[in-house]
Amino acid sequence: MNDILRIGCAAGFSGDRTDAAGPVVDALIAAGGPAFLIFETLAERTLALAQLARRGDPAAGYEPLLADMLRPVLARCAAHGIRIVSNFGAANPAGAAQRIHALARELGLAPLRIAVVEGDDLSDVAHRAVLERALGSALEGLALVSANAYQGADAIADALLAGADIVVCGRVADPSLTVGPALAHFGWARDDWTRLARATFAGHLLECGTQVTGGYYADPGYKDVPDMAHLGYPIAEIDAEGDVTLTKPSGTGGRIDAHTVKEQLLYEVHDPAAYLTPDVTADITEAQVQELGPDRVRLTGVRGHARPATLKVNCCHATGWLAEGEISYAGARAEGRARMAAQILRERLAGLGPLRADLIGVASVFADDGGQWLGAVPDRGAEDVRLRVAMNHHERAGAERLVREVTALYTCGPAGGGGVRTALRQRLGTVSCLVPREQVPATFRFVAQAGVPA
């Protein structure tokens, strides 16, 4: 097939803008031809938080903004044959599928065929031996919250070939959300490494949403981006060889040019000659980036090699509680008062563990968790200072001490403190390993609307 497959991206992380999909869908409809819409809403920590949410409510654990993201466009996608692929299933793909069914009913749509991809979640007892072999002693004593393998595009493609309107995934590699539709549409062999590598980098350009259209690129006066308040989300035009032209909806803000594409092309790439994914080992050492016109950039020359024999697994585990507190000081000698408040807290919380203290706007971004930064930075006489302190403790009660002590600074601290804000949340750590892919196969199944026979 020599046609063009268009894949639009409407989210680059959990919590992304919920009005992103509208202009992308408008552009896909206007262009005509086969098209997909993807939402990329997972990060490493997101999955662990989703598992914690599901522990509290078995019906939860998927992307919290799922309905808000889909509601503006679901009817139009269904009417125009634009199929949707996303990882917003997180820790509960089946729950996400049921929520989409419910949304379709709310919108008066005919029943949709929704498939879920499974096989990434290794946090159950059945996979304990797999993790023990991969991690060895590193697994001992961990309070495991989640363990997820980065699955690839095969199950996504299989679900689409079986007629899925929507495919809901948990942890798949981000580019696989694009590779799956390309595999299904063009009918490539599953070992056509060069085409898979090209589709992988098409997905890599899409996966962070507006990062490639200027959002994360912008630096005023140095790298200017127009109309930042209305950034357009990217669209990949993929041909039968896997080469891609990147663009965005007309009339939207942002920019796509050789600079933005090259920045995203190299994002999170450790070895340009061997970018490892579950689908392929991709090589961009001979890639070419060419500007075809305003907001149209073509990527060619990507090559591919056999995919790795193993899959990466991220294991998130509880590491205690993080307590944070902030208080502001303003006016004459404000910085000195903020430093005094930090010292008071250091003495009051001595013995509970390292206390990090930052003076936001004076010394914060380059500080260290050991809390020694302030002593190495002279008082600059700042008159608008916000003190932030943070501490990690293995027990909630210990972390709560910081919350109480920061609040007490209202009257027990230096003069003129105000605007106290505190937070307490469970903290997560991560260990990673590789497992043989045949030990953790991915599959798909259709999830019928609740109460309706499959």
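1. Which residues lie nearest the centre of the largest pocket? Of the 34 residues that line this pocket, they are Glu44, Tyr150, Asp174, Glu268 and Tyr275. A pocket here is, on a 1 Å grid over the protein atoms alone, an open set of points where a 1.4 Å probe fits, with protein on both sides within 12 Å along at least five of seven lines, and its lining residues have an atom within 4 Å of a point.

2. The model is predicted, so that local features need pLDDT of at least 70 and side-chain atom pairs count only at pLDDT 80 or more, whereas totals for chains, interfaces and linings use all residues. Residues are numbered from 1 along each chain as its sequence is written, and side-chain values use heavy atoms, with hydrogens and water left out.

3. The lining of the largest pocket divides into 17 nonpolar, seven polar and ten charged residues, and its largest share, three residues, comes from strand E14.

4. In the largest nonpolar core, which has 50 residues, Ile156, Val167 and Phe201 touch the most other members; such a core is a set of buried Ala, Val, Leu, Ile, Met, Phe, Trp, Tyr and Cys residues joined through side-chain atoms within 4.5 Å, where buried means under 20% relative accessible area with a 1.4 Å probe, protein chains only.

5. Glu405, in helix H13 (residues 396-412), counts as buried because its relative accessibility is 13%. Leaving aside neighbours within four places in sequence, Glu405 is in contact (heavy atoms within 4.5 Å) with Leu345, Arg348 and Leu349.

Definitions and conventions
Helices (H or I, at least four residues) and strands (E, at least two) are DSSP runs, numbered from the N terminus. Ala, Val, Leu, Ile, Met, Phe, Trp, Tyr, Cys and Pro count as nonpolar, Asp, Glu, Lys and Arg as charged, and the others, Gly among them, as polar.
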